[in-house]
Amino acid sequence: MTEALSAPRGTRDIVGEEAIAFAEIEEAATALFAHYGYSEIIAPIFESAELFTQSVGDDTDIVKKEMYVFEDRKARKLALRPEGTAGVVRAYIERSLGEGPGGVTRLWYNGPMFRYERPQAGRYRQFVQLGCELFGSSSPAADIEVIDIATRLLHRLGVAVEARLNHLGCRNCKRDYAAELAGYLKGHMDALCPDCRDRLARNPLRVLDCKVETCRRITASAPRIRHCDSCQGEFAAVKKGLDRIGVPYRSDPTLVRGLGYYTGTVFEMISSELGAQDAVLGGGRYDELVESMGGKPTPAVGFAVGVDRLAQLICMRQDKAWASSPVPYIFVIAPSSPHGSPRTLSDSQLEAIWFVHALRRIFEKKSRTEGAAPEWIAHEVSGRSLKAGLKLADKLRASFVAIIGEDEAANGTVLLRHMANGRQEQIAVRGIDEEELANKLDEWCR
Ligand code: HAM
C-alpha cells in the first residue's frame, strides 16, 4: 500500500481485543462517574489555538513543538486539542456551567487528543484521554475525591499502578524555589541538554520534567521545594485523607508535570509494565486557570487517563476469556438452493430473515429487562450449502443451529439442533407471537 493510503504516522486502528478493552474502560468509567455525580461533556476536537497557548502555556513542549495548528478558510488559527482540560475550562466559562446548585461542578469527558510527538510504543500522535474536572472547591477533599476516582477506575479494571504525589506550592513557594533551582542548575549548565538550557532561562521548574538521562542525573540531586506553612498544611491534609481511605501513593518531590496550569497538588500513576512511556494517568490542581481565561476565580482539580496505555495494560491481564472472539448462541442457516440466484431470496431465506429478526428482538429484550448478557444471533448470509453452513457453525462453536430448508419454509417450522449433543427437533413457528417463541426457545435451549 502506498504511504498516502496507510494510516498517518503515529496513528493506528483500534481493533480486536484492544477495541474490547477501550469499550470496557468507557463502561467502567461511565458507571463510576455516575456514582460520584459527574456529568459528561463532549467538547469540540478543535479549538482556537490561542486557547492552548494561554492555558497549557507557550513555554511547554506541548504548545511549542507538539500542536497541530492550522488555518481554516477564514484564516482563523485553530488547533487540534492536545489535551482536554483547556476546552472544558473554556466551556465552563462560556456556558456558565458553574452556576448550578451547590457551587461545585463535576464534569467528565472521553475523546481523541493530538500531539505531534515522536511516535514510539505507547506514544501516539492521536490518542484517547478520559478525564474529569471538579470546579468550585479548594478543599483537599476535592483533590482526594479525584485521586480516589482515578485509583478506583484503575483498580476496577484490574490494573496495578504506582501513584506519585507532589505539591507544587503557592506562587510564593514556587517563586522562591524557581530562584533556588535556577542557581543550582546554572552550576551544571554545560551538562544540560539544549532544551533544558532554554527552559532554565524561561521556567527552571520544567527542567525537572526532562527525560534526558544527563539532565535526570543533575535534577536527582537538585534542591527540593520548601513549602510555606499553608502549602505544607494543604499537602499534609491531602495525604491524610488518602491514608484515611486507604489510597496508596508515594510522595515524589521531582514530579512537576508537563503542563503550565498546575498549582498545588499534582499526581501521576505509572506502570512498570509499559516501558519508557510509563504514565497511565496524570492530573492535579489548577486554581488560577479559570480566572486567567476570563472566568470568575474558581479553584479546580482533575485528571486524565491515557486510554491507549490503559487498554494495553488490560490486554496484558491474565484473564483472557473476556477478549476471546464472540461465539454465536444460535446460528441460523437457510441453505442456498443450487438453482436460486444469489441476488434474490428463496422462501426459506425470507423465513430465515423473519426468524433471525424475531430472535434478535427476543434476546435484546431479555438483556434490557433481565440484565442478561447479550447473545449473538448469527445469520448465515453468504449463501452457503447446508453442509458448509454447519461446518462454519461448528468452527465458530455455536451453541445451537436453526435450519430453515424448503420443507421447513413450506410447513412453517424450524429445525433446531443442539450442537454439543446432536439432539434436534422441528418446532412450529408459523403464526406464533414473539412471547410464545421466546417461551419455546427457553424450554428447548435450556
Ligand atoms: P497529561 O499527563 O499530559 O495530562 O496526559 C494524561 C495522560 O494521557 C498521560 O498520563 C498518558 O497516559 C496519556 N498521553 C499523553 N500523551 C500521550 C501520547 N502521545 N500517546 C498516548 N498517550 C498519551 C493532561 O493532559 C491533563 N489535561 C490532565 C488533567 C486533567 N489535569 C487536570 N485535569
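Buried means under 20% relative accessible area, exposed means over 50%, and partly exposed is in between, with a 1.4 Å probe and protein chains only as cover. By that scale Glu94 is partly exposed, at 48% relative accessibility. I will come back to Glu94.

Some ground rules. This is a predicted model, where local features need pLDDT of at least 70, side-chain atom pairs count only at pLDDT 80 or more, and totals for chains, interfaces and linings use all residues. Residues are numbered from 1 along each chain as its sequence is written, and side-chain values use heavy atoms, with hydrogens and water left out.

Let me start with the sheets. Helices (H or I, at least four residues) and strands (E, at least two) are DSSP runs, numbered from the N terminus. Two strands pair if DSSP finds at least two bridges between them. Eight strands form an open sheet, in the order β1-β5-β6-β11-β10-β9-β7-β8. The pairing is mixed. At the edges stand β1 (39-40) and β8 (250-251), each pairing on one side only.

Look at β5, residues 105-114. Ten bridges join β5 to β6, residues 126-135, and the two run antiparallel. In that pairing Arg106 stands opposite Leu134. With β1, strand β5 pairs in the parallel sense, over two bridges. There, Ser39 has Leu107 as its bridge partner. Is β5 enclosed or open? Seven of its ten residues are buried, so β5 is largely enclosed by the rest of the structure.

Now the helices on this sheet. Contact means heavy atoms within 4.5 Å. Axes are lines fitted to C-alpha atoms, for helices over the stretch in contact, and angles run from 0 to 180 degrees between N-to-C directions. Helix α5 (residues 140-156) lies across β5, β6, β7 (162-167), β9 (265-270), β10 (279-285) and β11 (300-306). Its angle to β11 is about 15°. Helix α9, residues 229-244, also packs on the sheet and touches β7, β8 and β9. The direction of α9 makes about 160° with that of β7.

Next, helix α11, residues 307-316. Eight of its ten residues are buried, so α11 is largely enclosed by the rest of the structure. Among them are Asp308, Arg309 and Leu313. What do the buried residues of α11 pack against? They pack against α1, β5, β6, α5, β10 and β11. Take Ala21, in helix α1 (residues 16-36). Ala21 is buried, with a relative accessible area of 0%. Ala21 and Leu313 are 292 residues apart in sequence, yet 9.2 Å apart in space, C-alpha to C-alpha.

There is another sheet. Three strands form an open sheet, β2-β4-β3, with antiparallel pairing. β2 (46-48) and β3 (69-71) are at the edges with a single partner strand each, so one side of each has no neighbour in the sheet. The twist averages 40° from one strand to the next. Three bridges join β2 to β4, residues 77-80. In β4, Ala79 is the bridge partner of Glu47.

On to charges. A salt bridge is a side-chain nitrogen of Lys or Arg within 4 Å of a carboxyl oxygen of Asp or Glu. The structure holds 29 of these salt bridges. Back to Glu94. It forms a salt bridge with Arg90, with the closest N and O atoms 3.1 Å apart. Both lie in helix α4, four residues apart, about one turn of the helix. Arg95 also forms a salt bridge with Glu94, at 4.0 Å between the closest N and O atoms. Arg95 is exposed, at 56% relative accessible area.

Lys366 and Asp442 meet in a salt bridge, 2.9 Å from N to O. Lys366 lies in helix α12 and Asp442 in helix α15 (residues 434-445), so the pair ties together parts that are 76 residues apart in sequence. Asp442 is partly exposed, at 41%. Which residues share partners in one network? Glu47, Arg90, Glu94 and Arg95 are joined that way by salt bridges.

Last, two loop residues. Ser96 sits in the loop between α4 (85-94) and β5. Its phi is near 50°, a positive value in a residue other than glycine. Arg397 sits in the loop between α13 (386-395) and β14 (400-403). Its phi is near 60°, also positive in a residue other than glycine.
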